[in-house]
Amino acid sequence: TISEGHEAIREPPKEGYGDGEGSGRQGVVRELGAEEVRWFYREDRKSWKPFIGYDSLRIELAFRALGPGPERTAVEPVCVRSGLYEVDVANAECYPVYWNQTEKIPVMRGQWFIDGTWQPLEEEESNLIEQEHLNRFRGQQMQESFDMEVSKPVDGKEVLYYLPPFSLPSLFKWRGYKENSDAACLKRKRSQAIHSLKLSRNHVDWHSVDEVYLYSDATTSKIARTVTQKLGFSKASSSGTRLHRGYVEEATLEDKPPQTSHIVFVVHGIGQKMDQGRIIKNTAMMRDTARKIEEKYFSNLATHVEFLPVEWRSKLTLDGDTVDSITPDKVRGLRDMLNSSAMDIMYYTSPLYRDELVKGLQQELNRLYTLFCSRNPEFEEKGGKVSIVSHSLGCVITYDIMTGWNPVSLYEQLLRKEEEELEDTWMSYEEQRLLEELYITKQRLKEIEERLQGLKASTIAKTPVLKFKVENFFCMGSPLAVFLALRGIRPGNSGSQDHILPRTICNRLLNIFHPTDPVAYRLEPLILKHYSNISPVQIHWYNTANPLPYEHMKPSFLNPTKEPTSVTDGESASTVPSPTTSPVMVRRHYGESITNIGKASILGAASIGKGLGGMLFSRFGRSSTQTAEPGKDGAEGDDKKSTVGTPPFSQSSAGFLEPTRGFCNLSTFLFLLVELEHRIDFELREGLVESRYWSAVTSHTAYWSSLDIALFLLTFMYKHDQDDTDKSNLDAI
């Protein structure tokens, strides 16, 4: 049965006993058990990758249920790789569940494996070797002992010797051996092969029941064998590749992937028509980097985050081939590239095709969520969460889906504004009478529409736009801020995210960008204007030791330009500007390090506005808790020295005004000091040897494989599970 021998995953063969053919699992040669066989898959024509034990065991059981011969029993596809793929055992191929892929992924049943790499032999050869092995050695006892052997060197004298673990294989790196491997420590049979099998381009020799070698029959291999044998080396150790029967570790049902507690929909931006498989590859890169981060930092959790690509562009018809037909033939390649990429922005700003793009993404998101829940019914029962990671234009479309924004509503606002302006202008009696009739008619039409909408709402419950609540909305390289600014969004007086995205729709909005990404813009200054002078939060490097939690990082000013560093007594306090009218400081370029925190504090206080600027800077200034990260930019570490000892509001060389100068009471102005509830803008750190001009070209597509971003995403998605750990780390800091 499958459960036999599942006490633990089998360790790699120990030194001196490394036959790997199941000698520890069985005393005599018999047919391989389901747990000894390992199934493999191969993507992008790379090397074969093994399925985990849980998947391999279930595939093998389905394979054995097929039965021999052409009239095989139909079996259900086997769900593998955390539920992302299914294996068609009869056709030996694997295909994705949640997205379309033209090329099928081949799968292979491994029985015999190459020493060292544990790559499987091709299935046809493996089947022939397995059949020959069973015919010749079935029922024979396996051997696991060192032998004292007699060998004839070149001079013909018989020499009695013992091969220790550090012998020839460690001195000469012969093919088929790897350093410190089990094969390097075994006895070497100097006798002739006791059995042989001829294959098409190779042949296999059995020197004993558990010592099998594969030889190439190419001319060069034959010459090499002849020379080395004349030098006194055995045929096996000189040019053969050792084979192992059965995989290095047993497949067990306990080797199961963790349960998915959080799914992430990855939404692409422009250019998907040009390369339809790009979002699938990008999501795969993000998934792989997230797996590495999970293993390193979140291995203690029993759940994991799954990433699903959302490919919405290829299914859309839009204008058909109209744009292609009007494209000139000269520099056709460049024009086709622009039609397949930048044209998506024009489609989205078109009133004719915008709804098609929005509905295409909306339907794909709902389809994927419904499909995932149907295949994982316990996801909703256990409170599974959903986040969205959008890139470029995908951020804008996702935002509009969540908020229900429509340009028609903006058009109606403009019409109302024009009507109000017309009322203030002079007009004839006839014009005024017609406008009054038009106004009465519109009011009547509006009442009828409202009654009709109320009747529909009472009979049919309005279905939500999305079938799930969005926990986190991550924007990467996003132009969303520009679109919102052009729609009339202006900074407010509240530090709430609700100003641009209500918390009832999405719990948390996070804007990630590279400092040199030409497409990315900041969102925080659209909520509070003075945040244009406050630097984005720096995303931690993934290998930072004990990083400060993001919610405890204090805001800091961008580096201002040089200005007078003191305030004269003659300046009147009445000239202190309000935070809504104060001039915006000249900002440093992102990525330039702040060279001196003392200078920054002086210039910051002088630039922000005499008095109130001092208050703001003392509130947002770098805290002593924000320590330098080990092994990183040394200059940045010097910037973060403690400034706790300096009184924040005293008249000093820093240029801070006393709170009583020009103000009746400090508490009267505390309401002006508004912070964001949560930081939204997060900036990747620039590389130490990174070219800013080259980075501007590559940074917009550099998010997918970043380990820093993978850690950042998982930190927020695992936030509730890690709260206790974060508290203990903060106490330690």
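Is S392 buried or exposed? At 4% relative accessibility, S392 counts as buried; buried means under 20% relative accessible area, exposed over 50%, and partly exposed in between, with a 1.4 Å probe and protein chains only.

The model is predicted: local features need pLDDT of at least 70, side-chain atom pairs count only at pLDDT 80 or more, and totals for chains, interfaces and linings use all residues. Residues are numbered from 1 along each chain as its sequence is written, and side-chain values use heavy atoms, with hydrogens and water left out.

**Stop 1: S392**

Select S392, in the loop between β16 and α12 (393-403). Helices (H or I, at least four residues) and strands (E, at least two) are DSSP runs, numbered from the N terminus. Then show what S392 touches: G269, M476, G477, S478, P479, V519 and H700, not counting residues up to four places away in sequence. Contact here means heavy atoms within 4.5 Å.

**Stop 2: the parallel sheet**

Next, select β14 to β20. These 7 strands form an open sheet with parallel pairing, in the order β15-β14-β16-β17-β18-β20-β19; two strands pair if DSSP finds at least two bridges between them. The edges are β15 (303-310) and β19, each with a single partner strand, so one side of each has no neighbour in the sheet.

Zoom in on β14 (residues 259-267) and β15, which run parallel and are joined by 8 bridges. Pick I263: its bridge partner in β15 is E306.

Angles run from 0 to 180 degrees between N-to-C directions, and axes are lines fitted to C-alpha atoms, for helices over the stretch in contact.

Before moving on, show the side chains of R287, R291, E294 and E306, which are linked in a network of salt bridges. A salt bridge is a side-chain nitrogen of Lys or Arg within 4 Å of a carboxyl oxygen of Asp or Glu.

**Stop 3**

Keep α10 selected. The helix has 22 residues and reaches 32 Å from its first C-alpha to its last, close to the 32 Å expected at 1.5 Å a residue; the expected span is 1.5 Å times one less than the number of residues. Among the buried residues of α10 are L357, V358, L361, L365, F372 and C373.

Bring in α12. The axes of α10 and α12 come within 10 Å and cross at roughly 80°, and the two helices are therefore roughly perpendicular to each other. Angles under 35 degrees count as roughly parallel, over 145 as roughly antiparallel, 65 to 115 as roughly perpendicular and the rest as oblique. At the contact, R354, L357, V358, L361 and Q362 in α10 meet I397, T398, D400 and I401 in α12.

**Stop 4**

The structure holds 24 salt bridges.

- E437 and R433: their closest N and O atoms are 2.8 Å apart. Both residues lie in helix α14 (residues 429-459), 4 residues apart, about one turn of the helix. E437 is partly exposed at 41%, and R433 is partly exposed at 31%.
- R522 and E524: the closest N and O atoms of this salt bridge are 2.7 Å apart. R522 is buried at 10% relative accessible area, and E524 is buried at 0%.
- E551 and K719: their side chains meet in a salt bridge at 3.3 Å, N to O. E551 lies in the loop between β19 (537-538) and α16 (597-608) and K719 in the loop between α20 (707-717) and α21 (723-732), so the pair ties together parts that are 168 residues apart in sequence. E551 is partly exposed at 46%, as is K719 at 26%.

**Stop 5: the antiparallel sheet**

Move to β1 to β6. These 6 strands form an open sheet with antiparallel pairing, in the order β2-β1-β6-β5-β4-β3. β2 (49-50) and β3 (78-80) stand at the edges with a single partner strand each, so one side of each is left without a neighbour in the sheet. Within the sheet, 4 bridges join β4 (residues 85-88) to β5 (residues 93-96), and the bridge partner of Y85 in β5 is P96.

**Stop 6: two positive phi values**

Finish with R45, in the loop between β1 (38-41) and β2. Phi of R45 is near 55°, a positive value in a residue other than glycine, and R45 counts as exposed at 81% relative accessibility. W118, in the loop between β7 (112-114) and α2 (123-137), has a positive phi of about 55° although it is not a glycine. W118 counts as buried at 9% relative accessibility.
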